[in-house]
Amino acid sequence: MAAARRKQIEGAIAALGSLKGAVASEQSRILDEVVALLASLDGELASLSARLRWHASAPFRSKKDEAPEGQLAFELLRMLTGRLGQAAAADDAPPSDHGAPEGDDDATTEEDPPGGRGSRPGRERRGRGLRRKVDEVKLAEGAVPTCPCCTKPLGEMGFDTRQRYIYQPADVYLLEERLYKYGCRRCGEGVVTATPTAPPKPIPGGMASSSLLAQLAIGKVLDGTPVERFAKQLRRQDIDLSTSTLNDWFGRVGDMLAVMRRACHRQLLTCDLISLDDTPVRARNPDHPANVQTGRQWLYLGDIGQIAYAEFTPDWKGTHPQRVLEGARADIQNDGYAGINPLFVGPDAPRRIGCNDHARRRFVQALEQGDRRAQPVIDLYRALYHVERTATERHLDATGRRALRQAESVPLWRELERVITDLALKVDKKTPLDKALYYWTRQQPTLRAFLDDGRFPISNAHVERLLRVVSTFRKNSLFVGSLDAGERYANLLTLLLNCELAGVNPYVYLVDVIDKIAADWPADRVAELLPRAWLAARQAEQQAKGHAAAVAVT
């Protein structure tokens, strides 16, 4: 009996020990859950606190940043229902109340409120590099009110900021330089005249400065401003210049810069890839039956965006691009223009790359005219361009881009070939879709060339984008004054487009280059005045000045 009792007691003790261990383990788990819950609540409380502070600062924000009515109640409701933690990852968190100093609008970058309005995320605020004028608006000394509690004058405790862009019209004035003469009043011999400080006149005998000529050229070539409109702008500044005078000045500047366009052509021939395209430009010609004939403005880009070369031709004959590209050993990209076919004949002929933008555009036109069978082709092209965008965003070099194309673009291209082959058996002749298929089939070897070399772009769009300035000029000015005027326009277009490619301010560049050429710049150093070389020289000069200033300080 005693032995049985002892066994029961030992069993009970063992059960209590096991229960104690289970309780201890459960207690530890519960404590961990409580700690995790407290940490979660602490994070939600911090998030809610930031949102509350953001809403509380509403009176001090601009109207465009106001949250919709009921937004704060909606945030509290999400907190109470326990969904805030899951939705926080999808919503943009409002900005914290610390960081930049108060009132410094440049240092703060506020995100849009949840559900509110505002600028696009990640977009840099414009005007950061502008000259800034600060006006401090304070109350007059006797107009500062007093505190109703202690009757002491109120003290400054910060300021609100209002910003706006101020535009001042161009400052045009007449510079009169008086060159004093010195000589003997008795004998009149040995007369000495002071040396002028300003650079020589760009146009001998004219009153135009390099700054006025630069503005005239930029306005007409890049901005598409007709000379007549520029003359009206000058008349608002009390300068009355006839359009014939301005046209003559524009032509003089074009002739002056012809030597620099030839230097651009020499650099173009050294490139590994040349892309070209053209657009029509009308020119006055008294010998033509209609007094106006349609010429072509050609644009050649070397190595995608390293050098630009423009040429005006009176017609669309292939002899013009053949002459320009004679001696080049670069691969050539074009939209399938048959006039340059002789360039690709022979054992040492360059490789030809097609333009998929031109091919895709024909399928888009077929779809716009109601043929939905073109949609699969357009979808496949969208996927191909997505691969190109991915390569650009990853900043891949030619080798990396080719590897990405082989992995992702080649399967898409094979599917594109299959879809087009199937469509060719079902489409009626002479329809828009049939024309698109015919163009694609004929150009297919050149259209797929980009798959095998990462240096080749998928399309010729980089040339077409730059030719938009010519389209603007054509719409506003209608035509150039003569065939020779078209050549002068091409001289200026070449240099100004190279400014765009090099990231050079065209006005500052033209003013400096016109002054240097007017001062008899050496002909064998013309390449130093091309935009990229000019920018490199100016940056080196600024760095040298900064280094010299630092040495002087130390």
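Thr 151 counts as exposed, at 58% relative accessibility, where exposed means over 50% relative accessible area, buried under 20% and partly exposed in between (1.4 Å probe, protein chains only). Thr 151 is found in the loop between helix H3 (84–87) and strand E1 (181–182); helices (H or I, at least four residues) and strands (E, at least two) are DSSP runs, numbered from the N terminus. The model is predicted: local features need pLDDT of at least 70 and side-chain atom pairs count only at pLDDT 80 or more, while totals for chains, interfaces and linings use all residues. Residues are numbered from 1 along each chain as its sequence is written, and side-chain values use heavy atoms, with hydrogens and water left out.

**Backbone angles**

- Most residues other than glycine have a negative phi.
- Thr 151 is not a glycine, yet it has a positive phi of about 60°.
- Asn 291, also not a glycine, has a positive phi of about 65°.
- Asn 291 lies in the loop between E3 and E4 and is partly exposed, with a relative accessible area of 46%.

**Salt bridges**

- Side chains of opposite charge can pair when their charged atoms come close.
- A search of the whole structure finds 21 salt bridges, each being a side-chain nitrogen of Lys or Arg within 4 Å of a carboxyl oxygen of Asp or Glu.
- One of them joins the side chains of Arg 296 and Asp 278, at 2.5 Å from N to O. This pair links distant parts of the chain, with Arg 296 in strand E4 (residues 292–302) and Asp 278 in strand E3 (residues 273–284), 18 residues apart.
- Arg 296 is buried, with a relative accessible area of 15%, and Asp 278 is buried at 11%.
- Arg 323 forms a salt bridge with Glu 311, the closest N and O atoms being 3.0 Å apart. Because Arg 323 lies in helix H8 (residues 319–324) and Glu 311 in strand E5 (residues 307–313), the pair ties together parts that are 12 residues apart in sequence.
- Arg 323 is partly exposed, with a relative accessible area of 43%, whereas Glu 311 counts as buried at 5%.
- Lys 516 and Asp 512 also meet through their side chains in a salt bridge (3.1 Å, N to O). The two residues are four apart in helix H16, so about one helical turn separates them.
- Lys 516 counts as partly exposed at 28% relative accessibility, whereas Asp 512 is buried at 18%.
- Asp 331, Asp 453 and Arg 455 are linked in a network of salt bridges.

**Aromatic rings**

- A pair of aromatic rings is described by the distance of the centres and the angle of the planes.
- The whole structure holds nine aromatic pairs. Rings of Phe, Tyr and Trp (its six-membered ring) pair if their centres lie within 6.5 Å; planes under 30 degrees apart count as stacked, over 60 as edge-to-face and the rest as tilted.
- The rings of Trp 413 and Phe 450 are edge-to-face, because their centres are 6.0 Å apart and their planes stand at 75°. Trp 413 lies in helix H11 (residues 398–424) and Phe 450 in the loop between helix H12 (432–447) and helix H13 (461–466), so the pair ties together parts 37 residues apart in sequence.
- Both Trp 413 and Phe 450 are buried.
- Phe 473 and Tyr 489 form a stacked pair, 4.4 Å centre to centre with 20° between the planes. Phe 473 lies in helix H14 (residues 468–477) and Tyr 489 in helix H15 (residues 483–502), so this pair ties together parts 16 residues apart in sequence.
- Phe 473 is buried at 2% relative accessibility, and Tyr 489 is buried with a relative accessible area of 2%.
- Trp 298, Tyr 300, Tyr 309, Trp 316 and Tyr 337 form one aromatic cluster.

**Charges over rings**

- The charged end of Arg 296 sits over the ring of Trp 316, 4.7 Å from its centre. A charge sits over a ring if NZ of Lys or CZ of Arg is within 6 Å of the ring centre and within 35 degrees of the ring normal.
- Arg 362 lies over the face of Tyr 439, at 3.9 Å from the ring centre.
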